[in-house]
Amino acid sequence: MKRRTVLGAGLGVAGLAACGAEGASGAHIEGGFTGIAIERGHALRDGGAPRALPGAKVRRTQVLILGGGVAGLAAARALRLRGVDDFAVLELEDSAGGNARAGRMGGIDCPLGAHYLPLPSDEAPEVQDLLEQLGLRQRVAGRWQYDERHLCHSPQERLFLHGAWQEGLLPWQGVGADTRAQYARFAALVAQAQRAARWTLPVQNRPAAPMQRALAAITFETYLAQHGLDDTYLRWYLDYCCHDDFGAGIATVSAWAGMHYFASRHGFHPGGEAGAEREGVLTWPEGNAWLTQRLAAPLGERLHTARVVLRVESQRHGVAVEALHVPSGTVERWQAEHAIVALPIFVAARVVQNPPDFLRQALQRSAYAPWLVANLQVSAPLHDPPGAAPSWDNVLYGTSTHWGLGLGYVDARHQSLRPVPGPTVLTHYRALGQVAGVGAPVGQAGRLRLAQGRWQDWRDAILAELSIAHPDLGAKTTRLELTRYGHAMAVPVPQPDGQIGLWPAEILREQLSKQKRLRSGGPPRPVLAWQRLCFAHSDWAGYSVFEEAFTAGHAAGLSLG
């Protein structure tokens, strides 16, 4: 990542604290870590989990879904749609949802992870069908319309730059002609890429074009250098976008990923051009937990939380699973005809016994970004510098430190129709995929910092950073809660052979050639199956977004229905 200091002043965390007025002090603020029980996963990692006792009762079901994130919940929904009710879902945490769960502070719902969903294109009919089922999308006079209560209200985004707020996140105010010229050149490259190949969400719809495979073999930073794109503002913006979607910056993610961010959705439109406004997105105070809670609600007793999956063995006549029931400390034994492994690749590779070669190979190719999500309970509206009005997404330019890259904050009450601002919860996101770690795997240094750092140190660093734009933030913050994700998302790093995603290439080719088309006439959906196991997780796409996870889980559920 191009590391620049706050406002170009060469400031570390100590400098940040000095910039925020006396209100930045957070000593009075209570809080702590919440939302993720990291010791559960670490027990599996460290080999401290027990084995099932001989003679322990065996629980039986037709299909066992391992993991209650978006993919697992989508698989459960697909089974129910096919009339299969004999299934169970095992989930690590105390509630389902994976990276799309919610918390509550001061009576206000707030996200613990993912907080929005772009309006899905026709390449994702499964997601469109879900939104229709939930009442978010309906056909009116022959055209599809979304419920405006759930679309992000205006103003949507703003950027704190040169001491003032501007509309939109692409630096525009005060930038020179050379910068704007590079914006136009990059926009032309994105448009050219859109004409040269299909850029889809989900990505595993069809084989990649040669141009896309070439981009997947180099970093985004290398691609930009090849085209002479070295402008500081442009690179900051692209670096921010990559951290926002992939958890790491332009020096780490592939050029395919960097271009896919724009080419698969809204393109790239410099300020002042037609279409420069951002695409429509769905959002809620609790973030994407609004979706996962509704996916989990019909499961009832079929959802088993606080279960650490320890062993998965595909046998001749079924699948045997051992899972630790955390509250009781006992190991349960499960037997199923089939299992859907809706677990991250790094977990699946550890728990699946005698794993297939493609799972081992995917693990070797994978990389993960750690994230920190901070929810700040604020007692009153904040002082706001001149410029654009308070928005849903509020980002500060140039706030990269050894504590990771701060991605600004979203306001949990932005969707409220209240006439007068009042108390709220601000959700701050911090990507640590690029925290310095010489010679270490992507994200390893950030994971260590998450695991070892005191919450008070994180609190102080976050308050110091955000107080640059809001000097009264510390005085008005009453509580701050932190949620740590050591492996928040797969990072789409370059692959020497230009492979996109982590699907085994030969299986993907076979699946794309044989899979029947969906009832709606959409593209074929591959299913990654081995013996009596189906693997379904966004990791297999090489990056983590709702569309990938949901589509993979839905396809797996239909294949067993």
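**Aromatic contacts and helix packing in the predicted model**

The charged end of Arg 459 lies over the ring of Trp 455, 5.1 Å from the ring centre; a charge sits over a ring if NZ of Lys or CZ of Arg is within 6 Å of the ring centre and within 35 degrees of the ring normal. The model is predicted, with local features requiring pLDDT of at least 70 and side-chain atom pairs counted only at pLDDT 80 or more, while totals for chains, interfaces and linings use all residues. Residues are numbered from 1 along each chain as its sequence is written, and side-chain values use heavy atoms, with hydrogens and water left out.

The structure holds 24 aromatic pairs, where rings of Phe, Tyr and Trp (its six-membered ring) pair if their centres lie within 6.5 Å, with planes under 30 degrees apart counted as stacked, over 60 as edge-to-face and the rest as tilted. Phe 186 and Phe 220 form a tilted pair, with 6.2 Å centre to centre and 55° between the planes. This pair links distant parts of the chain, since Phe 186 lies in helix H5 (residues 177-196) and Phe 220 in helix H7 (residues 220-226), 34 residues apart. Helices (H or I, at least four residues) and strands (E, at least two) are DSSP runs, numbered from the N terminus. Both Phe 186 and Phe 220 are buried, that is, under 20% relative accessible area, with exposed meaning over 50% and partly exposed in between (1.4 Å probe, protein chains only). Trp 236 and Tyr 240 form a stacked pair, 5.7 Å centre to centre with 15° between the planes. Because they are 4 residues apart in helix H8 (residues 232-246), Trp 236 and Tyr 240 are separated by about one helical turn. Trp 236 is buried at a relative accessible area of 6%, and Tyr 240 is buried at 4%. One aromatic cluster is formed by Trp 172, Tyr 183, Phe 186, Phe 220, Tyr 223, Tyr 237, Tyr 261, Phe 262 and Phe 268.

H8 packs with helix H9 (residues 255-263) at an angle of about 90°, the axes being 10 Å apart. H8 is therefore roughly perpendicular to H9. Axes are lines fitted to C-alpha atoms, for helices over the stretch in contact, and angles run from 0 to 180 degrees between N-to-C directions; angles of 65 to 115 degrees count as roughly perpendicular, under 35 as roughly parallel, over 145 as roughly antiparallel and the rest as oblique. In the contact (heavy atoms within 4.5 Å), residues of H8 including Tyr 237, Leu 238 and Cys 241 meet Ala 257, Gly 258, Tyr 261 and Phe 262 in H9. The residues of this contact of H8 with H9 divide into 8 nonpolar, 1 polar and 2 charged, where Ala, Val, Leu, Ile, Met, Phe, Trp, Tyr, Cys and Pro count as nonpolar, Asp, Glu, Lys and Arg as charged, and the others, Gly among them, as polar.

The axes of H5 and H9 come within 10 Å and cross at roughly 85°, which makes H5 roughly perpendicular to H9. Phe 186, Leu 189, Val 190, Ala 193 and Gln 194 in H5 meet Met 259, Phe 262 and Ala 263 in H9.

Thr 477 is placed in strand S21 (residues 477-490) and counts as buried at 1% relative accessibility.
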